[in-house]
Amino acid sequence: MKPMLHYLRVTWQIFRKDIRVEWRGRQGVPVMLVFALLVVFLFNFALQLSPNLQAGLAAGLLWVALAFASTLGLNRSISLERESSALDGLLLVPVDRSAIYFGKALSNFTFTTLVALVLLPILSLFYQQNMFHLPLVLVILLGVGAYTGLGTLLAALSIQSRTRDVLLPILLYPLALPILIASVEASRGILAGQPLGELQSWIYLLLAADILFSAAGLMFFETILEE
Amino acid sequence: MFPIETDPSFQIVIRELVKRYHFQPVLNQLSLTLADGDFCILVGANGAGKTTLLRILATLVRPDRGEIYLGGKLIAQAPELRGEIGYIGHQPMFYNDLSAVENLRHYAHLYLCPDPEILIQNAIQAAGLGAAQHKPVRTFSRGMQQRLSIARALLHDPHLLLLDEPYTGLDTEAAQSLDERLQHLHQPGRIILLAAHQPGRLLKMASHIAWLQDGKISHHIPAASIPEVPALQAYLREEA
């Protein structure tokens, strides 16, 4: 089989395996969901805001909930590969090791997007704001893609560390700040009815982050995993 | 699965390997050549660097210096060569929530094994895990996990087999079964390197023995020549 096809099949197989393990254990997505919903509920009751302000808050809350929930998912993603040194099994596969990065990033992206899909109707209900806009979905996909792309790289970086559970958020949150700011600004603008033309710069920034972290995974993932 | 053009020169050549951990050299200018059909037992005291050497050969650890050639190709520059390597380490490398069959299927797909279901069933039967094949691996005993680990390492029919203390956790019956498996695997077209702290039972099966001392291979001799090296003989007697 051609190397490129093998590469894609390994990426797909790692993604499939993560979905299967999650389906069996249900240890990742349910925890992410509970955490994200808790954030939304608590803020709803803690901040008794006027309907106008609530609408503005929805975009920020969506991304706060997604960022923290996604970090939980990334931690679970590392611990899964550390269990019984399963990562060694992946490293032995005769294909460029960046395939592991894309497989893991794809599953992390899927889990966080699932959480976002559950959050949208809940935010609509609590914050009296229609969250179902196609451009908002696009921003969510781009923002989650960039966040999980960066998160997967940093998760791999912290995998050898004994303090990885603490290390990952410490590394991730400051570096992900531009992604989160761009996501919040673009989402807020869309919910406020701003024309997309005015939000282009934020959307391009997210797109650039997606490309940047994909390229970084392709080039550096093997080096990051080396002992 | 990923056939190297096997010829009489199919061998693994290790040249001046150096690996340091925290500035302490574990392997220090280590050189070793294993030829096609060799079954070599790697012996050495605890901490001598046996596991490090095997992990470097499996491309799981990058050496600080030195080169490794497999079948004439530099191993570090040819990821496809990993398809020629089967590795059994201290950990079984499985996903505990998946069953034995699902774990093997995962690896069969990663290695693009042809007819994976037949291969998996054969591997499960050879490992003696037929009754437990659909149970999650987390319910397996250490011995069962080790047998499954051996099945995983052999699934893609590797030419270079690296085994790090493979008898750990095996009961007498499973150990005998592994003996038979190794004897069957010891044939032209394959190189076996097995690290063992107590190699007693293996000396009859092996073709060669390599003694790792002070980060180097101090002796690499045919197993039949052990009596000619009193120091090695004494070491083996001590460890027995």
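I began with H1(A) and helix H5 (residues 98–126) of chain A, whose axes come within 8 Å and cross at roughly 40°; axes here are lines fitted to C-alpha atoms, for helices over the stretch in contact, and angles run from 0 to 180 degrees between N-to-C directions. Helices (H or I, at least four residues) and strands (E, at least two) are DSSP runs, numbered from the N terminus.

I noted that the model is a predicted one, in which local features need pLDDT of at least 70 and side-chain atom pairs count only at pLDDT 80 or more, while totals for chains, interfaces and linings use all residues. Residues are numbered from 1 along each chain as its sequence is written, and chains are lettered from A and ligands numbered from 1 in the order in which they are written.

H1(A) passes H5(A) in a right-handed crossing, meaning that the near helix is turned clockwise from the far one by less than a right angle. I listed the residues that meet (contact: C-beta atoms, placed from the backbone, within 7 Å), among them Tyr7(A), Ile14(A) and Phe15(A) of H1(A) and Ile100(A), Phe102(A) and Leu106(A) of H5(A). By class this contact has 9 nonpolar, 3 polar and 2 charged residues, where Ala, Val, Leu, Ile, Met, Phe, Trp, Tyr, Cys and Pro count as nonpolar, Asp, Glu, Lys and Arg as charged, and the others, Gly among them, as polar.

Next I turned to helix H6 (residues 134–158) and helix H7 (residues 164–191) of chain A, which pack at about 165° with their axes 9 Å apart. The two are therefore roughly antiparallel (over 145 degrees) to each other, and their crossing is right-handed. Their contact includes Leu150(A) and Leu154(A) from H6(A), and Leu171(A) and Leu175(A) from H7(A); its residues divide into 17 nonpolar, 5 polar and 1 charged.

For the chain as a whole I recorded 8 helices and 0 strands in chain A. Its radius of gyration (over C-alpha atoms) is 18 Å, close to the 17 Å that the globule rule (2.2 Å times the number of residues to the power 0.38) gives for 227 residues, so chain A is as compact as a globular protein of that length.

Last, I checked the pairing of chains: 24 residues of chain A are in contact with 28 residues of chain B. H1(A) supplies the largest share of the chain A side, 9 residues, and that side divides into 9 nonpolar, 6 polar and 9 charged residues.

Conventions: Contact = placed C-beta atoms within 7 Å. Parallel < 35°, antiparallel > 145°, perpendicular 65-115°, else oblique.
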